[in-house]
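Dear colleague,

Please find below the structure that I am handing over to you.

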Amino acid sequence: MRLVLQLVARLLVVVALCLGAATIWATIDAYRSVDRATAASAERVSQALEALYWRELLLRSNRAREHLVPVSEWRTIETMKLISPGICVRFEPAGAFENPLCGQSKGIGKSPPLWFAAAVQTLFGTHAAVARSISMRNVTAGTISAIADPDAAISLAWQHIVDNIHVALLMALAIAFFASLAIAHTLAPAQLIVTALQRMAHGQYRTPLPRFRSMELAMIGQAVGDLGERLAQATEERAVLTRRLLEIRNDERRALARELHDEFGQNLTAILAFASTIEATSAQEQKKSQANSDVAQDARMISQSTLRIMACLRDTLNRLRHPPAEELGLEACLVSLVDSWRSQNATQPMIQLDLQGDLADVRGVVAATAYRVAQECLTNSLRHSAAREIVLRIERRTGAENALLVRVEDDGGGDAAKVAQSAGFGLTGIRERVAALGGSLSIARATGGVSVAATIPLAA
């Protein structure tokens, strides 16, 4: 899962937890708001009735104080305006058949769900009544008792919660949206780092990265840049060492070829001359003993063995010496190589040579390496597969790439994965040769077989 999605998911969890906490807080505040409304209604009505008490006392001073209140004037529209919605007020002592005076409870909100009413009733219980006395100095003229209507209180609490939750939900969505944009913008440079690592995996070690504003990303980018620089230096050093190793190996091969030619070649030539002399001398003495005939036969056998050894030595010397591509050019050597394989395999497989681009000036170590790659791949295709067609394609790519592509494809049905994992000396040798020149070797599946491709920089 992508890091941006993980952070956004965690942010949504935090937002959901905060929204739940806001819901709990809104529920508690809604419950307390009803108690506050009850106390405020009792306080306002008690003050209004106390003012009414004073007015009646001044206008009807000849009347006993205990009969001043209650009077019918206190149950008025002005008094109802002082009572909060869903709150009922009663005057004590109450008159006969006198009902409480309640505030307007219609239209204060939608009916809450049953589970909410049950939950509030279970968690918080009923609302307590609030009493306020109407006093004139130390004389009590009566008491105002206010209490919330249970159904109206639940509706008020639900409406309060819905209003608060709507605001909280909108804020949570806005915070989640803008925070997600901020997270995505902050982590956007991570894609550049991943791209740089992918390029490094394909051999482009020196991949510059921009300077990041975030300190953590800047440290990661610096570490990636340092790693790429060290890998590039190690690759260059390895290429130099490999190139030097190949040069030493070639020097050893040439020295070994000279030794074989000078020592074994001369000795074998002498042995062949001695055997020919013995055979000729024995042929002139045809009338002599049977032993001379046996000597002639042994001499012929020595001559035949010597000839076979000399042929084997010539093949070994050809393999030890540098391919003629270094001196004669790549194109002529490849044509000669394909013609020699065709002459040895007249029926199958059919070998096609496809040359693309100007190969006339491709010489030296690049030509030798390309020749060795083609030679090894053709040998493997002919010996280790049942291919009916082999295509050898040499392409010179100009421009920024400036490289030589050597590709050998067959339809022998081989397993590319097994070939790539092979530790044979042939593939290992051409891998080292190509790597020494800063190139790359890839083995992939082709149509019906295996494709081996080597890219050799011409600037090597």
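The term pLDDT denotes the predictor's confidence in each residue, on a scale from 0 to 100. Helices (H or I, at least four residues) and strands (E, at least two) are DSSP runs, numbered from the N terminus. The model is predicted, so to speak, throughout: local features need pLDDT of at least 70 and side-chain atom pairs count only at pLDDT 80 or more, while totals for chains, interfaces and linings use all residues. Residues are numbered from 1 along each chain as its sequence is written, and side-chain values use heavy atoms, with hydrogens and water left out.

Confidence

For the protein chain the mean pLDDT is 77, and 82% of its residues reach 70 or more. Confidence is highest in strand E7 (residues 403–410), with a mean of 89, and lowest in helix H8 (residues 325–328), with a mean of 60.

The sheet

An open sheet with mixed pairing is formed by 5 strands, in the order E5-E6-E7-E9-E8; two strands pair if DSSP finds at least two bridges between them. E5 and strand E8 (440–446) are the edge strands, each pairing on one side only. On average, neighbouring strands of this sheet are turned by 15 degrees against each other, direction ignored.

Strands E5 (residues 350–356) and E6 (residues 389–397) run parallel and are joined by 7 bridges. The chain passes from E5 through helix H10 (residues 364–384) to E6 in a left-handed β-α-β crossover (right-handed would be a path that, with the strands pointing away from the viewer, runs clockwise from the first strand over the helix to the second). Gln356 has Glu395 in E6 as its bridge partner.

E7 and strand E9 (residues 449–457) run antiparallel, joined by 7 bridges. The bridge partner of Glu409 in E9 is Ser451.

The helices

H10 packs on the sheet, touching E5, E6, E7 and E9, and its direction makes about 5 degrees with that of E7. Contact means heavy atoms within 4.5 Å; axes are lines fitted to C-alpha atoms, for helices over the stretch in contact, and angles run from 0 to 180 degrees between N-to-C directions. H9 lies across E5, E6 and E7, at about 170 degrees to E5.

Helix H9 (residues 330–344) packs against H10 at about 15 degrees, with the axes 10 Å apart. H9 is therefore roughly parallel to H10 (the term covers angles under 35 degrees). Residues of H9 that meet H10 include Leu330, Leu337 and Trp341, and their counterparts in H10 include Ala367, Tyr371 and Leu382.

How values were computed. Angles under 35 degrees count as roughly parallel, over 145 as roughly antiparallel, 65 to 115 as roughly perpendicular and the rest as oblique.
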